[in-house]
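Reader: I would like to learn how to read this model, feature by feature. Please give the rule each time, then the case.

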Amino acid sequence: MPAAKRGREKWRGIAASPGVGVGLAYVVDRGRVHVSRRDIDKSEIDGEIARFRAALKACLEELEGVKARLSHGEHRQILKAQQLMLRDPDLTQDVETRIRDAGHNAEWAVAEATDAIAATLDKVTDPYFRDRQYDVTFLGDRILRALQGDSAAAMAFPKGSIVVASDLSPGDVAALHSSGVAGIVAEIGGRTSHASIMARAFEIPAVVGIEGIIDGVRTGETMVVDAVHGLVISNPDEQEESSFRGEVQRYREFEARVQKEHGLLATTTDGTHVVLRANVALHEDLESAGYHGAEGVGLYRTEYLYMNRTQPPTEEEHYLLAKQVLARCAPYPAVFRTFDLGSDKPCTLFEHGHAEANPAMGLRSLRLALRESDHFAAQLRGLLRAGVHGPLRIMFPLVSGLAELQIALSMVEVAKRELSEGRIAHAADVPVGIMIEVPSAALMVDQLAQHVDFLSIGTNDLIQYTLAIDRENDEVNYLYQPLHPALLKLLGLVCDAGKRHGVAVSVCGEMAADPLFTWVLMGLGVRELSVHPAAIPVLKNLIRASALGDAIALTKRLASVATAPEAEAFVLAEMNQRFPEHLLHGAAAARGQ
Ligand code: PEP
Ligand code: MG
């Protein structure tokens, strides 16, 4: 007897790669690899280490094989990052020490070493770095499979299917692409896991973070993945299915249209150019920046260089990294933010003395850099040296006042003098700017602007500190309101001061990437946005279809709105009239608006 048709079900997850897909479910249930502990004899140590090294080699070769099958450099870069993790001496040494000193079998040593790294990453509040734990877990399982003689070859998936899995590996995503899969649903993996990043790179709609979904769906059932609103529906009714199929078509056509124009400048119909630069955390983001039409890097997050290591990076490392970035960006500039560690980007390299009760207001960011002045100086020297290779800019995060800025600026001068005295080539005219992330900096911006070459508003932190809401706390997330009148007032102060002092003002927080806010920012006077690379084509298209005069008029009307919810409703209504398709690509859409 055929099984009875199951009813419609709906789940909510995290929209990890935008788009809409409809197809038949293909459930992949691989689970984690189970290992048992065995205490080994001294005579077995060399053999176990040799088994571990052979397994590692097999995994590296396997990733190399997948990489070779990919045509796009960006996707290859992501696999390269996985290979780098496998080659990390911290991992290999830890496994080998566990075999040699603790007398564990190779499987147990690998499981313990990778679990320990994943547990450390799990404590990190920055979502990008926290999500690296999934890569570590995935790579650990991959080594274990190789140790157990299991070939972990990438699978093939039915064309047009919706793949439902506990987690996906980059190798799987490569196979997904060549199979022409319509969507991905995963139980684990945040927005910034490599699987999510690759899904975005291949433009496969993906919703992740739906616990238990592989038990709730059967292979062959019709599924909708609405990765605009973070929704997944199984067994939709006929009308619903056909309406989603229409959406799939419209979404694809729009994306193709805006990507085709990615190389054009974002110039308004009345002739104002808004510069679109990329926010970059890892080297692999650079290729994506070029592909999506970025005019350089507006925020290079150098803190990644300090993560997962036992010693801070050297001057030479800073120099080499910046030199490489500039080569990739040419002829456009690259803005390097000096290390922004602490609070949501914790780092074990620098001792705090005691646990901080309130790390967001503690020893973080520029304050930490000024305390760790030797390491700060090493970074400044490396960056100044790299400045001879292209238009490099230096930016200080979390500046709270002039006294602190003056110390940081004097350190730049000292670094230049020392380099000159040592006859070491460097650029003496590197522009130096600051992030406006603290209300005190926004209020004193007139004073600060006189000492710097540019200002970049970090709305993620500026909203946090202005509205007194922890940006990582879901309980108060509803108060995270970019259109709060208090925030708009501060943004206005910064833009006006920029104009008065002839200093460029950009916005590099998440607010800049959401099309809902583009007119407001333009209306306030912002002429430069720095956003994650994939957001660039949509923003360029929106700006090219806009008149600056209309944006200014909207912002003037907004000034008389008293509350954040009213402001949001007002801007949403206006922007939705003009740009309904663009809004589907913003964070506001994911909030269910
Ligand atoms: C910001 O605060 O807006 C910003 C861009 O910096 P981060 O998110 O890295 O703190
Ligand atoms: Mg910040």
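**Reading the model**

Author: Start with one residue: R277 is buried, with a relative accessible area of 8%. Buried means under 20% relative accessible area, exposed over 50%, and partly exposed in between (1.4 Å probe, protein chains only). This is a predicted model, in which local features need pLDDT of at least 70, side-chain atom pairs count only at pLDDT 80 or more, and totals for chains, interfaces and linings use all residues. Residues are numbered from 1 along each chain as its sequence is written, chains are lettered from A and ligands numbered from 1 in the order in which they are written, and side-chain values use heavy atoms, with hydrogens and water left out.

Reader: Which residue forms a salt bridge with R277?

Author: The rule comes before the case. A salt bridge is a side-chain nitrogen of Lys or Arg within 4 Å of a carboxyl oxygen of Asp or Glu. Here the partner of R277 is E528, with the closest N and O atoms 3.1 Å apart. The pair links distant parts of the chain, 251 residues apart: E528 sits in strand β16 (residues 528-531) and R277 in strand β9 (residues 275-280). E528 also counts as buried, at 12% relative accessibility. Strands (E, at least two residues) and helices (H or I, at least four) are DSSP runs, numbered from the N terminus.

Reader: How many salt bridges does the count come to?

Author: The count is 27. Some share partners: E303, R337, D340, R364 and D461 are joined into one network. Another bridge pairs E241 with R245, at 3.0 Å between the closest N and O atoms. Both residues lie in helix α10, four residues apart, about one turn of the helix. R245 is partly exposed, at 41% relative accessible area. A further bridge joins E44 and R38 (3.1 Å, N to O). E44 is partly exposed at 28%, and R38 is partly exposed at 38%.

Reader: What coordinates the magnesium ion?

Author: Donors are N, O and S atoms within 2.8 Å of the metal (3.2 Å for Na, K and Ca); water is not among the atoms, so sites may look incomplete. For the magnesium ion (ligand 2), the coordinating residues are E437 (OE) and D461 (OD), at 2.0 to 2.1 Å. E437 lies in the loop between β13 (432-436) and α16 (439-443), and D461 in helix α18 (residues 459-467), so the pair ties together parts that are 24 residues apart in sequence. E437 is buried, at 2% relative accessible area. D461 is buried too, at 2%.

Reader: What is the strand order in the open sheet of eight strands?

Author: Two strands pair if DSSP finds at least two bridges between them. The order is β1-β8-β7-β3-β4-β5-β6-β2, with mixed pairing. At the edges stand β1 (9-12) and β2 (14-17), each with a single partner strand, so one side of each lacks a neighbour in the sheet. Neighbouring strands are turned by 25° against each other on average, direction ignored. Strands β7 (residues 222-226) and β8 (residues 231-234) pair in the antiparallel sense over four bridges.

Reader: Which helix packs on the sheet, touching β3, β7 and β8?

Author: Contact means heavy atoms within 4.5 Å. Axes are lines fitted to C-alpha atoms, for helices over the stretch in contact, and angles run from 0 to 180 degrees between N-to-C directions. The helix is α10 (residues 238-260), and its direction makes about 110° with that of β3 (20-28).

Reader: How many helices and strands does the chain have?

Author: The chain has 25 helices and 16 strands. Of its 593 residues, 57% count as buried.
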